[in-house]
Amino acid sequence: MAPQPIPEDYQPVVESRGTVNSPIFSTPINQLNPYGPNPADFLSNVNQFQLIDSTLREGEQFANAFFSTEKKIEIAKALDEFGVDYIELTSPVASEQSKKDCEAICKLGLKAKILTHIRCHMDDARIAVETGVDGVDVVIGTSKFLREFSHGKDMNYIANSAVEVINFVKSKGIEIRFSSEDSFRSDLVDLLNIYKTVDKIGVNRIGIADTVGCANPRQVYELVRTLKSVVSCDIECHFHNDTGCSIANAYCALEGGAKLIDVSVLGIGERNGITPLGGLMARMIVAAPEYVKDKYNLKMLRDIENLVADAVEVNIPFNNPITGFCAFTHKAGIHAKAILANPSTYEILNPNDFGMTRYIHFAHRLTGWNAIKSRVEQLNLNLTDEQIKEVTSKVKSMADIRSLNIDDVDSIIKKYHSEIKA
């Protein structure tokens, strides 16, 4: 018997069995997504993360940083308006002015909760709770490097000190976080033991700190997933950017079940800093667009970065996510053509979401006639497509000789237009 022809609308299916109590279900093969949902995604907090901005704590450790009280208040108000969940301040033990600044910001009545960051020591804790903060972030080194060459204490001492400080802070009715320092070079058994101990006595969250920036995304995901199985409290993560992984590590931490990420404006901090606020926003708006746009005032991002950049006397990098001067600049001819037809062809981020605009760069030898056509229309001139292609050739010829600017191209276009009309 001859085989029957396959109908044009035939759609092959893959049968898969569900749980013991669920029926067989069929899925069209073209709907299968190898990167799609899997059981681990139910642990993900990508759609419900929170931000702890540490510009006024970690950021004060940046080499160029000096924030007056007035500047700290200005930055804190801007971050609050942007929508961060927490603002972390330098320990009031650091200096007398640090304590006064902490007290002043606590009195502003901001929507964001105010935290301060202290050592795991009762003297620090007593001073911290007197400032009026909403929470205290406690940290102590747990890696062999820090235990031997920093504070010199063993894990039993660390556990006993943590319990004492946590119980004291809790008795004051404010939030408490306990974090290990240099977590990714600490022994896993030590970490699990100390985190289980503090979880049992009721910390609001535990912290993981990649203090030297050595972690990679896979390590982060696996450690967070492991901790999720032994603690019931929230997990906060702090990633340094020494090896360029801070944004990727933050994202993988959220995928693994962490809830809070430490950030700073422009990523400023010790050495070359931590996860940058703007960079993380660029990553998260792609992953959770509605959540990010509803929660954060994204159009403030450029002003906040300029505020902090001026305060610490640095320029915003040219390749800074979102706000770098060429972040939404398109140059190559085939890019420009596609962008003019549909921006999604070469943009994963919409500049309008951040109050930014895209720019088609046409003053160079790589330009295409579609980009020049766009400029001709902006100048309200009337040229046919063939004429635009001819003037584009003139622009390219000149650009092969020397660098051009917009005025140069406009002059070429206008001169050609006047000759055509004459």
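1. Glu313 is exposed, with a relative accessible area of 67%. Exposed means over 50% relative accessible area, buried under 20%, and partly exposed in between, with a 1.4 Å probe and protein chains only. Glu313 is not a glycine, yet its phi is positive, about 60°. The residue is found in the loop between helix H11 (301–312) and S11. Helices (H or I, at least four residues) and strands (E, at least two) are DSSP runs, numbered from the N terminus.

2. This is a predicted model, in which local features need pLDDT of at least 70, side-chain atom pairs count only at pLDDT 80 or more, and totals for chains, interfaces and linings use all residues. Residues are numbered from 1 along each chain as its sequence is written, and side-chain values use heavy atoms, with hydrogens and water left out.

3. Ile322 is found in the loop between H11 and S11. Its phi is also positive, near 75°, in a residue other than glycine. Is Ile322 buried or exposed? At 3% relative accessibility, Ile322 counts as buried.

4. Helix H12 covers residues 333–341. Its buried residues are Ala336, Ala338 and Ile339. They pack against strand S11 (329–330), strand S12 (359–360) and helix H13 (369–378). Contact here means heavy atoms within 4.5 Å.

5. The protein has 15 helices and 12 strands. UniProt lists residues 49–302 as "domain: Pyruvate carboxyltransferase", in an unreviewed entry. UniProt positions follow the numbering used here, feature names are shortened, and annotations may be inferred rather than shown by experiment. Over residues 49–302 the chain is 44% helix and 18% strand. The end C-alpha atoms of that stretch are 22 Å apart.

6. The radius of gyration of the protein is 28 Å, whereas a compact globule of 422 residues would have one near 22 Å. The radius is taken over C-alpha atoms, and the globule rule is 2.2 Å times the number of residues to the power 0.38. Along its principal axes the C-alpha trace spans about 90 × 80 × 40 Å.

7. Of the 422 residues, 48% count as buried. Among contacts in the protein with a separation of 6 or more, 70% come from residues 24 or more positions apart. The protein exposes about 21,400 Å², and carbon and sulfur atoms supply 50% of it. Accessible areas come from the Shrake-Rupley method with a 1.4 Å probe; for residues, only the protein chains shown count as cover.
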